[in-house]
Amino acid sequence: MATNYKAIAKEIIEIVGGAENIISAAHCATRLRLIVKDKELIDDKKIEAIDIVKGCFFTAGQYQIILGTGIVNKVYEEVIKLGISGTSKNEQAATAAQNGNALQRLIRIFADIFVPIIPVMVATGLFMGLRGLLTQDALLAFFGTSSDAIPQQFLQFTQILTDTAFGFLPVLVCWSAFKKFGGSPVLGIVIGLMLVSNILPTSWDVAQGNAEPMIFFGFIKVNGYQSSVLPAFIIGFLGSKIEQWLHDHVPNALDLIITPFVTVLASLCLGLFLVGPIFHTVEVGLVGVVSALFELPFGIGGFIWGALCQVIVVTGVHHALNLVEIEMLAKTNWNPVNPVGSCGNVAQAGAAMAVAVKSKSVKMKSLAYPSSVSALLGITEPAVFGVNLRLVSPFVCGCLGGGIGGWLAAILGLKGTGMSITGIPGMLLYLNEQFPLYILVNVVAFGAAFALTYVFGMKGDVQE
């Protein structure tokens, strides 16, 4: 029987206090996000009793209902048809910010800017993985050939697919920042392009000693920012504010001429002579800190990250960490964070599966089994919020399982070619000699979390 999403949308609206209690609605990949006037009117138990609901929680000024990929889009559409005001994530984040502290607001800003460009990073990572697979001598030998026989034109074609996004990374970040902070996105694109202009020596050539930076005013060293994120992020913020100020103070008759001219000129000067040199140093330091964590002896860093990564997801701070992964990929073409984070996700799947197997509650089984599968596919919210965190002990066991898998991943030196896909889909980032090792560490994480939860994480049966 087909699911009646309209009826579900009506039920959700009624349980959260009616349409008059909802300020706006939005959604992400798995969750329906509602800004409400009075959260005391919401009945969490009734929300969780809805068949397709996998959990709910209130955080950062938003009431979030976990529905799952695909389902959330359909429910959201019906909610909007029923007269609820729909907003973009940016607009809703601005409303939610009134209820959040400074840290929550900062995290939402990072999320709003980096989340829109993550699909590009995912695609680029997959292209890198496929390129690595197609150029492996072990695979080519099976077909009676070698990498030397690959046409140069084909390699150049694949290089376009793998290098473009990182080469023009400041363009993507600057565009997203201008859009987020209320500027004209097209100006963000132009300023981002200027930061990677081919007139400037590239950051890669300067770092490798193949080119000298340009010297301005006798002491400011300037080069392109092909693999940088923070300079473009800060310039996007400053540039959009400069543009807004000019719109407010320049006469209307001159606005079209003066505002874009001054915005672009001022933003470029700030980017090349002040913001770029300072914040490029900051981002290099951030990458250095994370790299040092994973270089700790005996896999300690991997255990720490693997055990805590889902705790970070619960707090919502994980969006801010996208900056570090993007930076590491842009600087080195490798991402040591991804395999450890994948172990954290898969371990929560193992814990949820143990709950499903051991529980005699039909409701819990019907929730835990699909939640475990979802976590194996990289979406952990249903398993974390709907099952493990609700029961507490399985979540802790899942964290320990993630730590064990992360420890093994660090010991083995696993590194992904991309980001943001984990678990089963994440295998596409390891289409090289690391492939069997990636499967191994995830199996270990799943098995450890399953065993710990089954033996220690469930005291008796789980009742509805």
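Gly 457 sits in helix α20 (residues 435-457); helices here are DSSP runs of H or I of at least four residues, strands are E runs of at least two, and both are numbered from the N terminus. This is a predicted model, where local features need pLDDT of at least 70, side-chain atom pairs count only at pLDDT 80 or more, and totals for chains, interfaces and linings use all residues. Residues are numbered from 1 along each chain as its sequence is written, and side-chain values use heavy atoms, with hydrogens and water left out.

**Around Gly 457**
- Gly 457 is buried, at 8% relative accessible area (buried is under 20%, exposed over 50%, partly exposed in between, with a 1.4 Å probe and protein chains only).
- Setting aside residues up to four places away in sequence, Gly 457 touches Ser 393, Pro 394, Cys 397 and Leu 452, contact being heavy atoms within 4.5 Å.
- Ser 267 is 190 residues from Gly 457 along the chain, and 55 Å separates their C-alpha atoms.

**Helix α1**
- The buried residues of α1 (residues 5-15) are Tyr 5, Ile 8, Ala 9, Ile 12, Ile 13 and Ile 15.
- Those buried residues line one face of the helix, because they fall within an arc of 165° seen down the axis of α1; the arc is taken from the directions from the helix axis to the C-beta atoms.
- Their cover includes β1, β2 (31-36), α2 (44-49), β4 and α3 (71-81).
- At the start of α1, a side-chain oxygen of Asn 4 comes within 3.3 Å of the backbone nitrogen of Lys 6.
- Gly 17 follows α1 and has a positive phi, near 110°.

**The sheet**
- Four strands make an open sheet in the order β1-β2-β4-β3, with antiparallel pairing (two strands pair if DSSP finds at least two bridges between them).
- β1 (22-27) and β3 (55-59) are the edge strands, each pairing on one side only.
- β3 and β4 (residues 62-66) run antiparallel and are joined by 5 bridges; Cys 56 has Ile 65 in β4 as its bridge partner.

**Nonpolar cores**
- The largest nonpolar core holds 41 residues, and Phe 114, Leu 169, Val 173 and Ile 326 have the most contacts inside it (a core is a set of buried Ala, Val, Leu, Ile, Met, Phe, Trp, Tyr and Cys residues joined through side-chain atoms within 4.5 Å).
- Another core, of 26 residues, lies apart from it, with Ile 15, Leu 32, Leu 67 and Tyr 76 among its members.

Conventions: Polar contact = N/O pair within 3.5 Å; in protein donor to acceptor, adjacent residues only side chain to side chain.
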